[in-house]
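Me: I would like to go through the terms used for this model one by one. Please set each value against its cut-off.

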Amino acid sequence: MDIVKGILNSFNTGNYTATVQISGSDKVYLNGVAVSRNIPAEEMIPGRSLVIIFFDEFNSKEAVITGIYTQ
Amino acid sequence: MIEISVDLSPDVISLRQETDPGRDTLIAELRNDDGRYNSLPSPLGMGCQLDVSPGYITSQGNEMSSGQSYTLEAYEYVSKGGSSSLFLYAYGGWSRISRWISESQFRFNEYSDEMNVKQILEFVLSRIGFRLEVVSESSIITGFYPDFTIHTGIGGDIVIRKLLSMAPDVIFIEGDIAYLVNPLASDTPVYSYGQDHVVTESRYRSSSWKLNRITVEGYDTTAEERIIKDSFAWEQIYEQLTRTTRLIDRNISTVEDAEERGETYLRNAESEAQDGMISVPVNCGQQLYDVIEITDKRAGLIEEKKRIVGVRLIHNSRKGEYRQDLVLGAL
C-alpha cells in the first residue's frame with residue numbers, strides 16, 4: 001500500500017470519482033480515482049492537494065482519495 | 001559510425017561473470033605489473049561496452065562464442081605482494097533496467113483492452129533500450145489486459161517484476177535483447193552433463209515449499225462482486241501443514257484467471273524448493289532457463305532434468321581455474 005500526494009483536477013459528483021495529478025507527474029492525469037464518501041463534495045475544489053492511497057500502486061482502480069487539504 | 005575496440009584478453013588474470021534472474025555483473029582483473037594500464041587504452045573508459053567471449057577447446061580446436069555485453073562502471077588499481085592489477089567492474093542488462101526510472105506516468109487498458117502484459121513489457125523494455133524477443137510465451141501473457149499504471153519515478157526492475165508476476169513467463173537478457181521464456185515442466189533438455197561433459201562438483205537440495213496454499217482475490221466488474229479462488233499443493237500440506245499467502249489483484253476478473261495466477265505462484269514455490277549447483281568445464285552456449293539433463297551417480301541422479309536459474313563463469317589463471325557454476329532449479 002502506498003500513500004501519495006496529488007492535486008485535484010476535477011471531481012465527478014455523480015460517481016464520486018476524481019481526475020488527479022499525482023505529485024511528480026507532469027501534465028498527465030489519472031482518471032476515475034475513487035473519492036472517499038466522507039469528503040463533502042463542496043470541498044473537492046480543483047487545485048487543492050490530495051492524499052491518495054494506492055492499495056496496489058500499479059492499479060489506479062485500487063486507489064482512493066482519503067483527504068483534501070490546502071497548504 | 002566507426003566502432004573502436006581493444007582486445008584485453010591476453011591480460012586477463014581473473015574474471016568472474018555472474019548471471020542470475022534480475023542481476024548480471026562482471027569483474028575482470030587485468031595484469032598491470034609493468035604499468036601497461038596506468039593509463040587506460042582507448043576506448044576503454046567509464047561507460048564503454050565490455051564484451052566477454054568465453055572460449056574452449058573442442059575437437060575443432062580453439063573456439064570461442066560471442067557472450068554477454070556489459071557496461072564499465074568502475075575500475076580500481078590494486079597492488080599487493082609485489083603485483084599490480086587493474087580491476088574492471090561492469091554491469092549488464094538487469095542493472096540498466098533497475099537504474100531506469102520512469103519519467104512519465106503511463107496507464108494502459110483504462111477503458112478497453114489495448115495492450116496485453118507482453119505488449120506492456122515490450123513497451124517498458126523499449127524505453128530502457130531493449131528489444132523483446134520470444135523464445136516461448138504463455139497464453140496468459142498474451143491474453144491478459146490489466147488496468148496498469150506506471151507512476152513517475154518508479155524503477156524499471158519494479159515494473160518488470162510486477163508485470164512478470166502476472167504470468168508464468170520469465171525474461172533473461174543478453175546484450176540489448178530481452179528474451180521471453182515460458183518455462184514448462186515438459187521442456188526438453190538442450191544439453192547433458194555428467195557423461196561426456198563432466199561434473200566436477202555438485203550439490204542438490206530439496207526443501208519443503210515456502211508456500212503450499214494461496215488465496216487469490218479478484219473482482220468481477222460485471223457482477224460487481226469479489227472473486228475468491230484457493231489453490232492448494234496437497235502433498236505439501238500433508239507434510240508441512242498449510243503455508244498460506246493471499247494475493248489481491250483487482251485486474252483478475254474471472255475464476256479461471258484467479259486459478260491460473262494461484263497455480264503460477266505455487267509453481268514458483270515448487271521451483272524454488274529444488275535448488276542446487278553443479279561445477280562444470282565451461283560451456284559457452286549455456287543460457288539462463290535452459291533445461292539440462294544431469295547424470296551424477298554420486299547423488300543418485302540419472303538423466304535428471306533441471307532448469308538453469310543462474311550461471312557463474314569463473315576464471316583465475318593463478319589457480320588454474322576455468323569453470324562454470326550452474327545454479328539449478330526445478331523444471
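Reply: A starting point is pairing: two strands pair if DSSP finds at least two bridges between them. Strands (E, at least two residues) and helices (H or I, at least four) are DSSP runs, numbered from the N terminus. This is a predicted model, where local features need pLDDT of at least 70, side-chain atom pairs count only at pLDDT 80 or more, and totals for chains, interfaces and linings use all residues. Residues are numbered from 1 along each chain as its sequence is written, chains are lettered from A and ligands numbered from 1 in the order in which they are written, and side-chain values use heavy atoms, with hydrogens and water left out.

Me: What makes strand E11 (residues 170-174) of chain B and E12(B) a pair?

Reply: Pairing asks for at least two bridges, and E11(B) and E12(B) have five, in the antiparallel sense. B:Val170 stands opposite B:Val181 in E12(B). Two residues lie between the strands of this hairpin, where B:Gly175 takes a positive phi near 60°.

Me: How do you know that strand E9 (residues 131-134) of chain B is joined to E12(B)?

Reply: Four bridges join E9(B) to E12(B), and the two run parallel. B:Glu133 stands opposite B:Tyr179.

Me: Why is strand E12 of chain B called mostly covered?

Reply: Buried means under 20% relative accessible area, exposed over 50% and partly exposed in between (1.4 Å probe, protein chains only). Five of the five residues in E12(B), 177-181, are buried. B:Ile177, B:Tyr179 and B:Val181 point one way, and B:Ala178 and B:Leu180 the other way.

Me: Why is B:Met46 called exposed?

Reply: Its relative accessible area is 53%, so B:Met46 passes the cut-off for exposed. B:Met46 sits in the loop between strand E2 (23-31) and strand E3 (49-51) of chain B. With B:Tyr75 and B:Tyr77, B:Met46 forms a nonpolar patch on the surface, about 310 Å² of accessible area together.

Me: How do you know that strand E1 (residues 2-12) of chain A pairs with strand E4 (residues 49-54) of chain A?

Reply: Six bridges link E1(A) and E4(A) in the antiparallel sense. A:Ile7 has A:Ser49 as its bridge partner in E4(A). Five strands of chain A close into a barrel in the order E1-E2-E3-E5-E4, with mixed pairing.

Me: What is the confidence in chain A?

Reply: The mean pLDDT (the predictor's confidence in each residue, from 0 to 100) of chain A is 94, and 100% of its residues reach 70 or more.

Notes. Patch = residues over 30% accessible without salt bridge, like charges linked within 9 Å, V, L, I, M, F, W, Y side chains within 5 Å. Areas by Shrake-Rupley, 256 points an atom, 1.4 Å probe, with all protein chains shown as cover. Salt bridge = Lys/Arg side-chain N within 4 Å of Asp/Glu carboxyl O.
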